[in-house]
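Welcome, and thanks for taking a look at this protein with us. Please have the sequence and the 3D view ready, and let us walk through them together.

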Amino acid sequence: MAQYSRPKGTQDILPEDQPYWEYLYAVVAEIARSYGFERIDVPIFEMTELFARGLGEATDAVEKEMYAFKDKGDRDIALRPEFTAGVIRAYIENGMQVYPKPVKLYSTGPAFRYEEPQAGRYRQFHQFNAEILGVQSPLADLEVMLLAWDIYDRLGFKGLAFQLNSTGCPECRPGYITALQDHYHAHIDEVCEDCQRRIVQNPLRVLDCKQQRCQPVIATAPKITAMLCEDCESHFRELRGYLDALGKPYTLNFRLVRGLDYYTKTVFEVWAEGIGAQAAVCGGGRYDGLAKLLGGPPTPAVGFAVGMERIVMVMKTQGVEIPKLPQPPVYLVHLGDVARTHAVRLLTDIREAGIGAQIAMSGSLRAQLRHAHRRGARVTLIVGEDELARGEVTLRDMESGEQVMVPADNVVAALAQQMSESSGAKTAAN
Ligand code: HAM
């Protein structure tokens, strides 16, 4: 029994799972760069106030789920529950508003929310986050949605549902909220206790309620898309026009409201089947008011974040093929003290020549060879004392089992040749 266990809601990503993660990181970064996004890294912790202000005091992410604490200098610090607020802070603080527009940024890394853990929901999780800053055009909304689509296409995902809505802006949303509250007050006894509270404190979230008894009231609730102001209406129409012209399938979902307060106009999520209740593999939208709210210049912006753990779950449930991680091709085994010292010298020579290599660190010759095989070595060098006395070492091709003797002072050249032959043979076979 281990004396310590990992904190609730965290995960160890073991070596056998790393190929999924490395592949995923490579795919998202490659596609993002091909769209003209540049990487930005922001701190894992920020001043608590940044998130409280940016995401909204009444959101679950801030009110219930934030890892907030005082540091030793008595500062209020919080682990980031998401990237957007930190990216906007960095944009303002580093004067990035003078960069040519649009500014397209992506990040990957951990985020933290004190949620009740279940499949696909963790307290430490990872996001791929992308933002486009500085342009009002719906082309930016389209661009981030296309980026999400391309990531899922590249991974070969099936059965994804794109959910799209507009949540209006400070001009039209208050009118909608009043209409929604009027509707709920007329049916207040029919809805759950949470919604009786939400309709006052965080009204849009009533639309998100999963309780059976609330469904009829939601179904007859006024729809925001019918109450958008001209600006929000035309923005939404133009975006849908592009999506339709491209034949991209999406569902208009008037219940999609998102959990963070900064959204204006477009909001979207992508849902995946078969990964349990936590089906949103990404979520995002436009947030034109956030930069100003955080003390910066007014900056229209739109973005989204992908939950990496959920993507790995979909990769596994849908059997997505992933490339194996490369292993060092050379493995050195040795027998006896003199041979071991010689093998160590060879090891460093081989590595200096740019060839990946590792050396057996214990065990009989048989055990060392078995280990070489398990580690997926292409070539094993066997350094034995008798052979060494004759100035030779044995080079074994692990695939064919063929062995040749090579001069001990010519091992690197022999290996280089062997490598190019076997990679040539592989290319020819493909
Ligand atoms: P979000 O919807 O809160 O949006 O999170 C985005 C994605 O992160 C979710 O769809 C989900 O896949 C994943 N996620 C969230 N919480 C957890 C959790 N506890 N465990 C595992 N995965 C989780 C945002 O974070 C916004 N900042 C997105 C954005 C960027 N909007 C504009 N720009």
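This is a predicted model: local features need pLDDT of at least 70, side-chain atom pairs count only at pLDDT 80 or more; totals for chains, interfaces and linings use all residues.

## The overall layout

## The eight-stranded sheet

Let us begin with an open sheet of eight strands, which has mixed pairing and the order E1-E5-E6-E11-E10-E9-E7-E8. Strand E1 (38–39) and strand E8 (251–252) are its edges; each has a single partner strand, so one side of each lacks a neighbour in the sheet. E1 runs parallel to strand E5 (residues 103–112), and two bridges join the pair. Here you can find Glu38 opposite Leu105 in E5.

Helix H4 (residues 84–93) touches E5 and strand E6 (124–133), and its direction makes about 45° with that of E6. Helix H9 (residues 230–245) touches strand E7 (160–166), E8, strand E9 (266–272) and strand E10 (280–286), with a direction at about 155° to that of E7.

Now turn to helix H5 (residues 138–155). With 18 residues at 1.5 Å a residue, H5 should span 26 Å, and this agrees with its end C-alpha atoms, which are 26 Å apart.

Just after H5 comes Gly156, which has a positive phi of about 75°. Within H5 sits Glu143, whose side chain makes a polar contact of 2.9 Å with the side chain of Lys104. Leaving aside residues up to four places away in sequence, Glu143 touches Tyr35, Phe37, Lys104 and Ile132.

## The five-stranded sheet

A second stop is an open sheet of five strands in the order E13-E12-E14-E15-E16, again with mixed pairing. Its edge strands, strand E13 (357–359) and strand E16 (403–407), each pair on one side only. On average, neighbouring strands of this sheet are turned by 25° against each other, direction ignored.

Which strands run parallel to each other here, joined by six bridges? They are E12 and E14, and Val330 has Val379 in E14 as its bridge partner. E14 also pairs with E15, in the antiparallel sense over four bridges, and Leu381 stands opposite Leu395 in E15. Strand E15 (residues 392–397) is in turn antiparallel to E16, with five bridges between them; Val393 faces Val406 in E16.

## Helices on this sheet, and strand E14

Helix H12 (residues 337–352) lies across strand E12 (330–335), E13, strand E14 (379–384) and E15, and runs at about 165° to E12. Helix H13 (residues 365–374) packs on the sheet as well, touching E12, E14 and E15, with its direction at about 175° to that of E12.

Six of the six residues of E14 are buried, so this strand is largely enclosed by the rest of the structure. Val379, Leu381 and Val383 point one way from E14, while Thr380, Ile382 and Gly384 point the other way, and all are buried.

## Backbone details to look for

Most residues other than glycine have a negative phi, and most peptide bonds are trans. With that in mind, find Asp74 in the loop between strand E3 (68–70) and strand E4 (76–79). Asp74 is not a glycine, yet its phi is positive, near 65°. Its relative accessibility is 55%, so Asp74 counts as exposed.

Arg258, in the loop between E8 and E9, also has a positive phi, of about 70°, although it is not a glycine. Arg258 is buried, as its relative accessible area is 15%. To finish, look at Pro102 in the loop between H4 and E5: the peptide bond from Lys101 to Pro102 is cis, with omega near -5°.

Key: Residues are numbered from 1 along each chain as its sequence is written. Side-chain values use heavy atoms; hydrogens and water are left out. The expected span of a helix is 1.5 Å times one less than its number of residues. Two strands pair if DSSP finds at least two bridges between them. Axes are lines fitted to C-alpha atoms, for helices over the stretch in contact, and angles run from 0 to 180 degrees between N-to-C directions. Contact means heavy atoms within 4.5 Å. A polar contact is a pair of N or O atoms within 3.5 Å; within protein, one must be able to donate a hydrogen and the other to accept it, and residues adjacent in sequence count only if both atoms are side-chain atoms. Buried means under 20% relative accessible area, exposed over 50%, partly exposed in between (1.4 Å probe, protein chains only).
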